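Please look at the chain shown here, first as a sequence and then as a fold, and read the report beside it.

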Amino acid sequence: MRSHFVWAAWTMASLAVAGCGGGASATSGGAASAPAVGNAAVSDKDCPPEFVVDDAEDDNNQVLVRAGRGGYWYTFVDKAGSTITPPSQSPFMMSPGGARGSQYASRMMGKMSASGQPLFAGMGLSFTDPKAAYDASAYSGVLFYAKVGAGSASVRLKVPDGNTDPAGKVCSECFNDFGADLTLTGEWQKYVVPFASMKQMDGWGAPHPAALDKSKLFGLQWQVTQPGANYDVWVDGVQFTGCP
Ligand SMILES: [Ca+2]
């Protein structure tokens, strides 16, 4: 199967080792290059069950209870008038029609406000409940399937950690999480984002550490920010990478 890959600063040579079999990927991407998007054939071998964060197939709002995880899905939205479904005040609901022929997926829909600051809408999951730092040191990155319906195709994967989430009690200007800017398509595609490739955004936030602290992760988020845009974002099959 052809798979769609997105990186912040990884060379094409890294592509072949970044999937589930990518134990070496954390050490092979030292040289920064221009952001690249490419397709590469990789193994579709699934990692063991403890690597799967959630596949939505139980049609509930909790991630799979395993490997010390058991947090919940949620949505969040700005106060500038953007809209989001499922609503941020009520329990997250899965939507029928998942990746790889599966039954359910996580989906958020809405319309961004045309003006105001800041503008954001997103869905995410916490790794634990109550929310606490989760040690993901055993893993090398994140893999998921995603697509968009009508509207914005630009989605940022955000990975709040001990330095960027307020719960870490470190950041003085929080929420500039490490992550990756993705351009989704109308078809389900696999996205693999190594922890080592994740970057913060330029120009704001404090602190700006050298790298994601994967020993203290608070969750995963998918966020849209385009002013005035409709959006319809689907995510499924969320897993960690790095299995032997
Ligand atoms: Ca599914």
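Two strands are said to pair if DSSP finds at least two bridges between them, and strands themselves are DSSP runs of at least two residues, numbered from the N terminus. With this in mind, we can say that in strand S10 the bridge partner of Val159 is Phe178, and that six bridges join strand S9 (residues 154–159) to S10, the two running antiparallel. The model described here is a predicted one.

**The chain as a whole**

The chain has zero helices and 13 strands, and the pattern read along the sequence is accordingly one of β elements, written β-β-β-β-β-β-β-β-β-β-β-β-β. Of the 244 residues in the chain, 47% are buried. When contacts are counted between residues at least 6 apart in sequence, 75% of them join residues at least 24 apart.

Confidence should be kept in view while reading on. The average pLDDT of the chain is 86, and 82% of the residues score at least 70. Over residues 1–43, however, pLDDT stays under 50, and for this stretch the model has 89 contacts beyond four places in sequence.

**An open sheet of five strands**

S9 and S10 belong to an open sheet of five strands, which has the order S4-S7-S12-S9-S10 and antiparallel pairing. Its edge strands are S4 (73–77) and S10 (178–183), each of which pairs on one side only. On average, and with direction ignored, neighbouring strands of this sheet are turned by 20° against each other.

How many of the eight residues of strand S8 are buried? Eight of the eight residues of S8 (residues 141–148) are buried, so this strand is largely enclosed by the rest of the structure. Both of its faces are covered, with Gly141, Leu143, Tyr145 and Lys147 buried on one side and Val142, Phe144, Ala146 and Val148 buried on the other.

S8 pairs with strand S11 (residues 189–194) in the antiparallel sense over six bridges, and in this pairing Leu143 stands opposite Val192 of S11. S8 also pairs with strand S13 (residues 230–241), again in the antiparallel sense, over seven bridges; here Val148 has Val233 of S13 as its bridge partner.

In soluble globular proteins, nonpolar side chains tend to be buried together. The largest nonpolar core of this model has 54 residues, and those with the most contacts inside it are Phe144, Val233 and Val235. If neighbours within four places in sequence are left aside, Phe144 is in contact with Tyr191, Val235, Asp236, Gly237, Val238 and Gln239.

**Backbone details in the loops**

| Residue or bond | Backbone feature | Value |
|---|---|---|
| Thr85 to Pro86 | cis peptide bond | omega near 0° |
| Ala206 to Pro207 | cis peptide bond | omega about 5° |
| Ala67 | positive phi in a residue other than glycine | phi near 55° |
| Lys169 | positive phi in a residue other than glycine | phi near 55° |

Pro86 lies in the loop between S4 and strand S5 (95–96), while Pro207 lies in the loop between S11 and strand S12 (219–224). Ala67 is found in the loop between strand S3 (52–54) and S4, and this residue is partly exposed, because 18 other C-beta atoms lie within 10 Å. Lys169 is placed in the loop between S9 and S10.

Is Lys169 buried or exposed? With 7 other C-beta atoms within 10 Å, Lys169 is exposed, since a residue counts as exposed if it has 12 or fewer such atoms around its own.

**Trp204**

The loop between S11 and S12 also holds Trp204. This tryptophan is exposed, with 11 other C-beta atoms within 10 Å. Not counting residues up to four places away in sequence, Trp204 touches Glu173 and Asn176. The C-alpha atoms of Trp204 and Phe175 are separated by 9.7 Å, although these two residues are 29 residues apart along the chain.

Key
Residues numbered from 1 in each chain as written. Predicted model: local features only at pLDDT ≥ 70, side-chain atom pairs only at ≥ 80, totals over all residues. Buried ≥ 20, exposed ≤ 12 C-beta atoms within 10 Å, placed from the backbone. Helix = DSSP H or I, 4+ residues; strand = E, 2+ residues; numbered from the N terminus. Axes fitted to C-alpha atoms, helices over the stretch in contact; angles between N-to-C directions. Contact = placed C-beta atoms within 7 Å. pLDDT = per-residue confidence, 0-100. Core = buried A, V, L, I, M, F, W, Y, C linked by C-beta atoms within 7 Å.
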